[in-house]
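The sequence and structure are shown first.

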Protein chains: 2
Amino acid sequence: MPQKPFVSAQEVAERAGVSRSAVSRTFTPGASVSPETRRRVVEAAEALGYHVNHLARGLMRNESGIVCLIVSEMSTPYRANLIRAMTQQLQNAGKIAMLINTDRSDGSVDLALRQAIRYRADASIILSGMPDRSITQLCLKNGQRLVLINRDDDQQGPLRINLDDAEAAGRVVTAFVRAGCRRLAFANSQAGTPSLMAREHGFVAAAKTMGLPVRVERHGPTDYESGRVLAQRLLTLSERPDAVFCATDLLACGFMDAARHQFRVAIPDQLCVVGFDDIEQAAWSSYDLTTFAQPVEMIAREAVAWLVNESGQAAGDDSVRFQPNLVWRSSVRGG
Amino acid sequence: MPQKPFVSAQEVAERAGVSRSAVSRTFTPGASVSPETRRRVVEAAEALGYHVNHLARGLMRNESGIVCLIVSEMSTPYRANLIRAMTQQLQNAGKIAMLINTDRSDGSVDLALRQAIRYRADASIILSGMPDRSITQLCLKNGQRLVLINRDDDQQGPLRINLDDAEAAGRVVTAFVRAGCRRLAFANSQAGTPSLMAREHGFVAAAKTMGLPVRVERHGPTDYESGRVLAQRLLTLSERPDAVFCATDLLACGFMDAARHQFRVAIPDQLCVVGFDDIEQAAWSSYDLTTFAQPVEMIAREAVAWLVNESGQAAGDDSVRFQPNLVWRSSVRGG
DNA sequence: GCCGTTGTTGCAAGCGCGTGCAAATGCTGC
DNA sequence: GCAGCATTTGCACGCGCTTGCAACAACGGC
């Protein structure tokens, strides 16, 4: 670690023959500098390889430009895609993303938020897990903005972005009935996150109003392997379902693979399948899965727009709801 | 933006009835503080919700704890997985990851590195694209460590982590020959990155030494859709190949789907397929793809270990080579 | 020729922190 | 009781930056 490797504004000032303030102002949009001074400063900065120290700037401005992304299982397709959209939007807005991995353990998200505070992040976006209420309060008290995505929390202060999971789940029942299905099933993981449970309850409730029973099965984490296990459970029943709504596409892919290769079930002829998320693989021709597309770009844009919005929590209700878009593919009859 | 939302060491000091230095020392490992003082400081800090300001600390220490991850197409399975492994390892080492999206455009990586300099990142890890030599020099001159993953660059200074792509590609030829294949093909994208080209050249060279011709086809970006297009090109030839090595698993998945569903080709009976990366989908039973596993965890561990290593560029040659591990699955006959 | 106005510049303070230095404190051995 | 030592503590400075303030220059209108 060299002693003083980075070139400072002081050195630029000396080389340009101006004061240190002039250098600062040159790199501060909207500050008052004459064209001639600016030219000399830029020239010297270029020659010396000067870059404004955002750490020091953040110290003065009380605004670091850092936004924390807090997320678990970040390599799953849906999450990875959301992270991509978020970082892109943040960059467009002149912010920069910090990425923090969380796991299932209790204090994990709290720890992440503490890290966000240490780096004086302007905001944190939580894609996974629920932080303790005391921590979110700490963040807000420290002037840090908070965005909760699909967390379905009711506390005031953070921006809450949610999908209308229940309503979407209801549409699936209609689709299944239209396809002539009668023995419905719902395949879920045991994660028990608000969105997953909302899909389950929405589906069961809608089926009930149409007088159809639903077999609900839950297993393990929300991944491909769980989808296979769920298929093994549901397809070995004496009353084999003829339609299954999987809580996510990943579950659906596992389910379809087991159904086809292990149980020789024809999709959609003997079994209709619907997923959720519209991950890239859902469109692959091995699956061609009917599913709900999450408006990932819109979610990211909305979140970032709210973050950079100077007017504080001006807008009364900081809650946004999106309708997922049903994408018809061949895993359901009669699209 | 509230004026002074974060609580400072000063306030903690006042509440604890000690000097500000004492607070600072309490949170500096190895500093000299009496147990009693420490207790009072910790108590006050707890009560006030104090967190050390890492921005200011970075200013003093010339060490921010920030490591930049520079990556394009970050939502593809292989990249997403590498990002996950990296952030996890960084967190374990007490560092934190900044994530920067790049695109195909020329100055994109340079811009990202400039951003890394602005935030005084201790290091940058480049997973995509090649920065201009002048920029990497700028980083090194500023005392910033640099890691290039699969970039196959020869400049001194950065840590270079590479796979032995050519050697691996050679093993594929052997596998194909052993499976009784004679008409080999290589399916590549047009990205032209060093690793992709090394796989292509290694495959062609190995085939040549065994007296077998190879049909090489290149198309588009390195994704699923290109795999489909490549299948359309290669499977409509009068001399249809009976074995194809796809430069990545994503290409292979597209290739297999088109081969099976569009051309009714049986895999592995009529066509053997090998991919590269061992993404999660390669193990899905719709593909069950024979492929090379990149030692993602080891790559991440190696990179982070080198970054946090105090001894500077002590170790003579900063270049690491890994052998990818061939994972046998059913897309090749006679594993 | 003078004053008010506008635009530019340097000074200096301060953001929150780490740390060298010297003073202060506590302890041991005689 | 006191010299000698180790440990702890506070002071004050500086890290690189922004910004309010006052000084200053330029300039047009009367």
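In this predicted model, a polar side-chain atom of B:Thr37 lies 2.3 Å from a phosphate oxygen of DNA strand D. Two or more residues each come to the surface near DNA strand D from α2 (20–26) and α4 (54–61) of chain A and from α2 (20–26) and α4 (54–61) of chain B. With five residues, α4(A) gives the most.

DNA strand D is surrounded by 26 residues, and A:Ala9, A:Ser24, A:Arg57, B:Thr37 and B:Met60 are the closest. Sugar and phosphate make up 48% of the atoms of DNA strand D that come within 4 Å of the protein.

DNA strand C has 27 residues around it, of which A:Thr37, A:Met60, B:Ala9, B:Ser24 and B:Arg57 come nearest. Of its atoms within 4 Å of the protein, 51% belong to sugar or phosphate and the rest to bases.

| Residue and its atom | Atom of DNA strand C | Distance |
|---|---|---|
| A:Ser19, polar side-chain atom | phosphate oxygen | 2.9 Å |
| A:Ser21, side-chain N or O atom | base nitrogen | 3.1 Å |
| B:Asn53, polar backbone atom | phosphate oxygen | 3.2 Å |

For DNA strand C, the elements giving two or more residues to the nearby surface are α2 and α4 of chain A together with α2 and α4 of chain B. By class, that surface has 11 nonpolar, 10 polar and six charged residues.

Terms used
Residues numbered from 1 in each chain as written. Chains lettered and ligands numbered in written order. Predicted model: local features only at pLDDT ≥ 70, side-chain atom pairs only at ≥ 80, totals over all residues. Heavy atoms only, no water. Near = heavy atom within 4 Å. Polar contact = N/O pair within 3.5 Å; in protein donor to acceptor, adjacent residues only side chain to side chain. Helix = DSSP H or I, 4+ residues; strand = E, 2+ residues; numbered from the N terminus. Nonpolar A, V, L, I, M, F, W, Y, C, P; charged D, E, K, R; others polar.
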